[in-house]
Amino acid sequence: MLFDQGVLDELWRMNKRQFLYQCLSFGMIVSSALMIWKGLMVVTGSESPIVVVLSGSMEPAFHRGDLLFLTNYQEDPVRVGEIVVFKVEGRDIPIVHRVLKLHEKVNGTVKFLTKGDNNSVDDRGLYAPGQLWLTKKDVVGRARGFLPYVGMVTIYMNEYPKFKYAVLACLGLYVLVHRE
Amino acid sequence: MDYFRNIPVHMDFDGQHKAEKLSRIIITLFGAVGLIWGYIIQQFSQTVYIVGAGFVLAAIVTVPPWPMYRRKPLIWQKPRPDNEQGDSHQKPKKKK
Amino acid sequence: MISVRPLSIEHVALPPFWNRNCYFHEQFTVHRSPSRTSSNRFLENFVFREELSQKQCETRSIFCSRMHSLANRSNHLVSYTLTVMAIITGACALSTRFLRYERPARVVGRRVELHHIPNFTTDNALNDFAVVNFDVKVDLRGLFNWNVKQLFVYLTAEYATDDNVFNQVVVWDEIIERREDALLDLNDVASEYFFWDDGSGLRNRNVTLYVSWNVIPVAGALLDVASPLTNRFLFPSTYKHVVTK
């Protein structure tokens, strides 16, 4: 009797209406999560308001698994020293690095160069072939807030798919089976 | 095998109540002390260590079914034979 | 699998305890004042719908399994600890939210030279290349508190040219992780990064040097603070070194 044997009984005792109700509440959770995410996108102006740091290139500031909160207000200018999250053509994963050089023209177009704190060279080697500068359209967001370690769960999920399915299955089962 | 099966792993209701209350008290206490201590010496890592210690302590004290959580076993009524009439109607007298 | 027969209430011998000390169990709190249906449901939870005719005492073991198991208790403990941890982290972030991180940082540019050479870091076009040595004197020890993980201190050169109205180049930076290392006194230090202009517009231009720092917290807001002190000087009017293609 180490573990709760009642789980199956609970399922058994559930009638159709209750099951539908559970499905609905499950859908509620999913849709409200989506709503919060989309709402954050509107508020922060960033297409991905929360990112998980995936590499050690910004150590010791950010480690793998740290969580960053981004904003990307267009009227807010990019400046040197800021930590930007940018996308490079041909790379799926956005990169989190610090702006090292910046040149702005009269008409407001900005080009800038980034570098990871833990890297000894700037990022020109990481950009798309022939790309020398980043521009505003490459930017996903600017780091504004920081929370350590919380993103570790998603890293484990991505690296160990079995773990991911186990977690999802447990959550799904719990939501479906658990009765108020 | 029977030996293992007979190891009691449950708490009684009273013990359950006590265990949960105790674990909350321990974690809250360690959290408060950790917060204050960390603020005094301005080291957040110390706060985290203290909360971690509280977690370990609470896990040791309240998760295993120690005998102290099994002091009030349930008293069960005798089983009634099947053919008994339902006149005694064991509907529980509850505080309304 | 299991032979199931719904039980009437009369069929079950309820233990006499349940109006005394079981009120804190979730299945009891929900049904504290049972209506007809909820009492039925209570009984469902209580004895299940199995054949109990002969040994109703056996319900006891089933009932025990309805109590909190080891897994339940660990789950409660972990989730409560995480909640407390989150509150503590929030309190820590809040406690430093309104602190001022400005400090005066003295900076002086020395030995300024201009070269006009091919920019090997980009497209090998002839660009202006500046050599700047500098002094920096700043005491950032007071910035460290329990919510500061590191300071990223950097020296920016800011200028305007005909091509670009606004240019910023970081010439030096330093990561400081401990309070003891936060007293900076640099004398005649060479720049750490190449100072290339985007074009050839550095001659006779004013440039402003200033120190800024990025405060990385343990948790909370990332802050960027610039020193109010700056050092403004003029680039030379002649190149020291010119390469013609």
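A crossing of two helices is right-handed if the near helix is turned clockwise from the far one by less than a right angle. In this predicted model, helix α2 of chain B passes helix α4 of chain C in a right-handed crossing. Helix α3 of chain B also makes a right-handed crossing with α4(C). The points below take the chains and then these two helix pairs.

**Helix α2 of chain A**
- Helix α2(A) covers residues 16-44, which is 29 residues.
- At 1.5 Å a residue the helix should span 42 Å, and the C-alpha atoms at its ends are 42 Å apart, so the two values agree.
- The helix is hardly covered, with 0 buried residues among its 29.

**Chains B and C**
- Chain B contains 3 helices and 0 strands, in the order α-α-α along the sequence.
- Of the 96 residues in chain B, 26% are buried.
- In chain B, 65% of the contacts with a separation of 6 or more are between residues 24 or more positions apart.
- Chain C contains 4 helices and 11 strands.
- Chain C has 245 residues, and 31% of them count as buried.
- In chain C, residues 24 or more positions apart make up 70% of the contacts with a separation of 6 or more.

**How α2(B) packs on α4(C)**
- Two packed helices are described by the angle between their axes and the distance between the axes.
- For α2(B), residues 13-41, and α4(C), the angle is about 25° and the axes are 10 Å apart.
- Angles under 35 degrees count as roughly parallel, and α2(B) and α4(C) are therefore roughly parallel to each other.
- Residues of α2(B) in the contact include B:Ala19, B:Ile27, B:Gly31 and B:Leu35, while those of α4(C) include C:His76, C:Tyr80 and C:Ser95.
- By class, this contact has 9 nonpolar, 7 polar and 3 charged residues.

**How α3(B) packs on α4(C)**
- The axes of α3(B), residues 44-62, and α4(C), residues 70-95, come within 11 Å and cross at roughly 165°.
- Angles over 145 degrees count as roughly antiparallel, and α3(B) and α4(C) are therefore roughly antiparallel to each other.
- Among the residues of α3(B) that make the contact are B:Phe44, B:Val51, B:Phe55 and B:Ala59; among those of α4(C) are C:Met85 and C:Cys92.
- The contact of α3(B) with α4(C) divides into 10 nonpolar, 3 polar and 1 charged residues.

Terms used
Residues are numbered from 1 along each chain as its sequence is written. Chains are lettered from A and ligands numbered from 1 in the order in which they are written. This is a predicted model: local features need pLDDT of at least 70, side-chain atom pairs count only at pLDDT 80 or more; totals for chains, interfaces and linings use all residues. The expected span of a helix is 1.5 Å times one less than its number of residues. A residue is buried if 20 or more other C-beta atoms lie within 10 Å of its own, exposed if 12 or fewer, and partly exposed in between; C-beta atoms are placed from the backbone. Two residues are in contact if their C-beta atoms, placed from the backbone, lie within 7 Å. Axes are lines fitted to C-alpha atoms, for helices over the stretch in contact, and angles run from 0 to 180 degrees between N-to-C directions. Angles under 35 degrees count as roughly parallel, over 145 as roughly antiparallel, 65 to 115 as roughly perpendicular and the rest as oblique. Ala, Val, Leu, Ile, Met, Phe, Trp, Tyr, Cys and Pro count as nonpolar, Asp, Glu, Lys and Arg as charged, and the others, Gly among them, as polar.
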